Amino acid sequence: MKVVGQAHSRVEILEKVTGQSVFGADVRLPTSFLFGAVLRSPHGHARIKRLDTRKAERVPGVKAVVTAQDFPPVRYGRFIWDQEYLARTKVRYVGDLVAAVAAVDENTARRALDLIEVDYEVLPSVTDALEALRPDAPFIHEEYEQYKAAAMAVGRKGNICFHKETVVGDVESAFREADRVFEHRFHIPMVHQTYIEPHTVLARVDATGKVTVWVPTQAQFFLRSSLAEIFQLPFIKVRVIPTEIGGGFGGKMLPTVEPAAVALARKGGMPVQIVMSRAEDFQTANPRHPCYARYKTGVKLDGTLVARDVELVLGTGAYCGNGLVICVRAEMLAIGPYRIPNVKIDLSAVYTNHADCGPYRAPAGPQLAFASESQIDLIARELGLDPVEMRLKNLIEDGDETPASGGPLSDVHGKETLRRAAELAQWGTGSRQKNRGRGVALGYWLVGGMASSAGVKLNEDGTVTVMTGIIDLSGTVTSLGQIAAEVLGVDLADVHVRTADSDFAPHSTISAGSQGLRSMGTATKLAAEEVKKQILQVAADKLEADSSDLVLEGKRVFVRGSIEKGLSLGQVAMLSMTHKRGPIVSVQSTPPFPNQPAFSAHVVDLEVDPDTGKLTLLRYVASQDVGTAINPLSVAGQVQGAILQGLGQAMSEACVFANGKMLNPTFLDYKIFSSLDAPKIEVHLVERASEAGPFGAKGIGEPSLIPAPAAIANAIYDAVGVRICELPLTPERIFGALQQQNKSR
Amino acid sequence: MASRRKKIRVTVNGELYEKEVSPATSLLDFLRLELNLTGSKEGCGEGECGACSIILGERLVDACLILAVEADGQKIQTIEGISSKGRLHPLQKAFAEKGAAQCGYCTPGMIMAAKYLLDRNPSPTSDQVVQAISGNLCRCTGYGSIVEAILLAAREQ
């Protein structure tokens, strides 16, 4: 292959390094626009008794004030229709939306917000998922039984918005027969995606009532459907124009301030821009689900896993949002990538009075892997087994299935991935040094793929344009160009590929779930192959040859063996346009994809300072099973970035709540890794071409985030003998655990 | 609350601007909204993320924390001004080559922080590079490719 498999800079890179890229807040229109701001609830749970916007409306420079009265009286949602965009009668978290103002400048808009009078009857609130399950807990959605809900939203009752029990075999008998049974509880707090670009929108409503929004979104077709639902509009009246996106990590798929901007633009008669503040973003924009996990595992003395009983409680927040996707993921990932004949999974998602949680890179992955992989490590050490060997003994292989995997799996490379990381890290070698330790953990992920379509056209000069609506987060768009170039025998420089908007792009999957390239790449490859067929037909007629004797290479089509007897692609395009079939173009579709496993293994060496609890990462080795790396530069970047995000969740990140309010909504207090914190990461790609991806590609964006927290926890145990079952593994928590250890000695 | 507007003169990327601004306008808003130089980004508005890093006189600053009136009479360099006559700055080339920009939102600030370093220390060590960009948060790359790109640019310039 000439283009696929080569490292290429991203096609839009020069705009990015010169500051020319247009991100959400960079959009400018020929006409001026207003600045919007939203009024949010200061209470975690309250009834709205009175709402009076008259004073705000009278502020000079204010052009529109909207409340729930300006929206159709509908609830929206993806799985449970439980959310009114602006609150009518009740607010359910600190940050819930109440009203919005548009004014000539941001200061005026914010001043007007302060003049909106709201009388609240404050109700008891609950931000902890276990507390929300108690019989005396505040009831967050009294009217839940009236809500429309998707068939998959099973077990709804009170604050429980999803409950499902999955049983395979007989865990109780298996526990009785097991040599040892281990039971542990874990707690993983909420973390935030923390893209550097906050949520932003510019909305315009034209004279025909058509809504246009410029948004840094990961999912333009999702957003179009949400806006159509909230405003009760046909899809052709909503146009989403995706801007360059300053990071998403799953956090930019659900509506945040977009509907407010649309309502303000409609009422104010001018376009409206809303840029969320960092604090607003932290407090309200769909963070990762906090999770309580109980793992009970039965084993034989040789390390064979015989039964696993997992109980999970996810705090989904004030609304279900995308919560059920995460529940499905949790069911898939709960027991880990192991052959276990007897399994029970009890899974609940619970309404709580914090922001509704959403997808975050590998949703449910790191929470469950922290619990599962910590416990596997613990069991191995208790039984005197090597933690790598114990995993290898139980790992799934081709033809195995795991709960909710959707049938037997193929392309299973867990063992090879783990072995590679272990080899690279020289697992099992090195002498013990005081306070130093080594930990291993495995990440398991299942990549599906939603339906997509893509178009490819041959331009009159022989260049190629790929038409797609996929959002480019991870370099997907560049890889689509590589795929088209490979099929059509041209260079990447001869291909134009950029994201088109929702009015003009063929329907494209979301940029999430590691499936963008798998799904869009397959559609692009099909379309390119169809274009190739058309090229060969046109050329075959002209060259009086059989199309099977033609070669498409180096921007030319020629008869095999006689390169001079041929046509340039430009000649073919013009010939087709003027004499033959018309323009050469194809749009092709793919249906959804079955799940495919992807693995990531991490081995970390670290040192614990026993006087402070501070960790120093000495060496970090990771391997990931990536199929064919279409663009190794992008793949390496995805793996490195995912690991660092995982390390943040492992060591420093958590949304901290008191009285329903997030206490640390700033970069100063919510600590993501800086360059000073980042270890050097050694990455090894396990490239085994997959049977079910374009040119053998696999989903790659998420798996490497998953094992990081468990790898760190396991290394801490190895170093100083304390087992910490709650994230993040901060110096104070480690120090506290060491103090406990000293006391109990 | 119509605050009295003040006239300021600033030289941005070699071009002189005379504009009236509100005393409350940040230098970042001035650049982005008044001059339409949108390359410098706002990530937090609190001086914590570095996405708005620019060079003001002899200092590397977060433009969100400086008032436009404080820049009166000074020279400013932003991402828009570092390539000359269509020739990319070595840092821009190196960032492209090393995959040091993914989403690209932190990139303008990151490059300005790196330029500030290389202008003063043409051959930094890896540790010095890590220190120099420690005020610039990136959530995509893991920083490794950024450090490599800056070291590459130092060698090439």
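**View 1. Sequence separation of contacts in chain A.** In this predicted model, 80% of the contacts (heavy atoms within 4.5 Å) in chain A between residues at least 6 apart in sequence join residues at least 24 apart. Residues are numbered from 1 along each chain as its sequence is written, and chains are lettered from A in the order in which they are written. Local features need pLDDT of at least 70 and side-chain atom pairs count only at pLDDT 80 or more, whereas totals for chains, interfaces and linings use all residues; side-chain values use heavy atoms, without hydrogens and water.

**View 2. Secondary structure and dimensions of chain A.** Chain A contains 18 helices and 28 strands, taken as DSSP runs (helices H or I, at least four residues; strands E, at least two). The C-alpha trace of chain A spans about 85 × 70 × 45 Å along its principal axes.

**View 3. Burial and charge in chain A.** Of the 745 residues in chain A, 65% are buried, that is, under 20% relative accessible area (1.4 Å probe, protein chains only). Chain A carries 79 positive (Lys and Arg) and 83 negative (Asp and Glu) side chains. The centres of the two sets lie 2 Å apart, with each charge placed at NZ of Lys, CZ of Arg, CG of Asp or CD of Glu.

**View 4. The interface of chain B with chain A.** The contact takes 46 residues from chain A and 42 residues from chain B. Together the two chains bury about 3,500 Å², the accessible area (1.4 Å probe) lost on being put together, summed over both; carbon and sulfur atoms account for 60% of this area.

Terms used. Buried < 20%, exposed > 50% of the residue type's maximum accessible area, 1.4 Å probe, protein only.
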